[in-house]
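Please open the structure in your viewer and keep the selection tool at hand.

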Amino acid sequence: MTGELRILSPGPFATLQDNGRPGWAHVGVSPAGAADRTSHALANRLVGNDPDAATIEALFGGLVFAVTTSTVVAVTGAPAPVTVNNRAADLNAPLYLGSGDEVRLGVPTTGLRSYVAIAGGIAVSPTLGSRSWDSLARLGPAPLSAGQALPLGDPTGTPTVDAAPITPPTSTELRLRPLPGPRLDWLDGGLEALAQPTWTVSTRSDRVGVRLEGEPLHRTHDELPSEGMVRGAIQLPPNGLPVIFGPDHPVTGGYPVVAILTEQDSDRLTQARPGQAIRLG
């Protein structure tokens, strides 16, 4: 081990995430992993990590930590103002720290989830091959807490760029383009019906799924036996309000999947805040 990262404050909610644990659906465990996989991957690239190194997924800023060794960190995702020892620092760029340096994330101006990578990754013990916290299965390292010390791994590479030009998440209407799902015929009006209203993100959304609020849609059939589920699946419950599965989704479900998001749009959705407008089409 090359040192520790010490959590001074986790903010509203912070967890460890990597690329998840695929291959366990047969025992009821979803892949989980980073909600915004694009931002997670970028953070690791910026500090020279392997793609699957564990990062910190910080919800709505507030994360404060210090390091016990000289190292490199990067902050990506939701653009939370970053300071190192109370001095402003860059997003989407390698930040070179010395032993004892303190990093703070403010409240992001847009988006919801920021990602912190550190050279060598967070080297906690994996569960079923992953260091990700799964909020539905309750697997992996628990959400972070103040006073916690996280071991760091040995760096496997070095930063190769000074900064990455990234478009931040939008605060206006987020437009997603769903593809037909296996039960599209259960939705009265098909994809056109899904696209007609403007939805808003419910406050009851989480890593399991994003619940949408708006004018209810109509189903043409009753319930069906449980079927396999994947991330990005758009289910239509009896109340007619779509639910879009996230990284911690259940592996089966009994509501029809009328559409599905691409992986890119699934990532973009994880940065949508409660109350934000969503257009599906």
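Select strands E1 and E4: they pair in the antiparallel sense over five bridges. Helices (H or I, at least four residues) and strands (E, at least two) are DSSP runs, numbered from the N terminus, and two strands pair if DSSP finds at least two bridges between them. Within this pair, Pro10 has Leu63 of E4 as its bridge partner. The model is a predicted one, in which local features need pLDDT of at least 70 and side-chain atom pairs count only at pLDDT 80 or more, while totals for chains, interfaces and linings use all residues. Residues are numbered from 1 along each chain as its sequence is written, and side-chain values use heavy atoms, with hydrogens and water left out.

Opposite Glu4 stands Pro151 in E11.

Next, select Leu5, Ile56, Phe65, Leu105 and Ile122. Of the 26 residues in the largest nonpolar core, these touch the most other members. A nonpolar core is a set of buried Ala, Val, Leu, Ile, Met, Phe, Trp, Tyr and Cys residues joined through side-chain atoms within 4.5 Å; buried means under 20% relative accessible area, exposed over 50%, and partly exposed in between (1.4 Å probe, protein chains only). Strand E4 (residues 63–67) gives the most to this core, with three residues. Apart from this core lies another, of 20 residues, including Leu194, Ile234, Ile244 and Leu280. In soluble globular proteins, nonpolar side chains tend to be buried together.

Which residues of helix H1 (residues 37–47) are buried? They are Ser39, His40, Leu42, Ala43, Asn44, Leu46 and Val47. Their cover includes strands E2 (13–17), E3 (55–59), E5 (71–77) and E10 (113–118), where contact means heavy atoms within 4.5 Å. After H1 comes Gly48, whose phi is positive, near 80 degrees.

Now display the open sheet of eight strands, whose order is E12-E21-E14-E15-E18-E17-E20-E13, with mixed pairing. Strands E12 (174–176) and E13 (179–180) stand at the edges, each with a single partner strand, so one side of each is left without a neighbour in the sheet. E13 is joined to E20 (residues 257–260) by two bridges, and the two strands run antiparallel. Leu179 has Ile260 as its bridge partner in E20.

Finally, turn to the pockets. On a 1 Å grid over the protein atoms alone, a pocket is an open set of points where a 1.4 Å probe fits, with protein on both sides within 12 Å along at least five of seven lines; lining residues have an atom within 4 Å of a point. Grid points are joined across faces, edges and corners, and a volume is the space filled by probe spheres set on the points.

About 500 Å³ of space lies in the largest pocket. Select Asp36, Ile166, Thr167, Pro168 and Pro169, which lie nearest its centre among the 22 lining residues. H1, E5 and helix H3 (263–269) each supply at least two residues of this lining.

The second largest pocket holds about 320 Å³ of space. Of the 26 residues that line this pocket, Leu112, Arg113, Ser205, Asp206 and Arg207 are the closest to its centre. E2 gives the most to this lining, with three residues.
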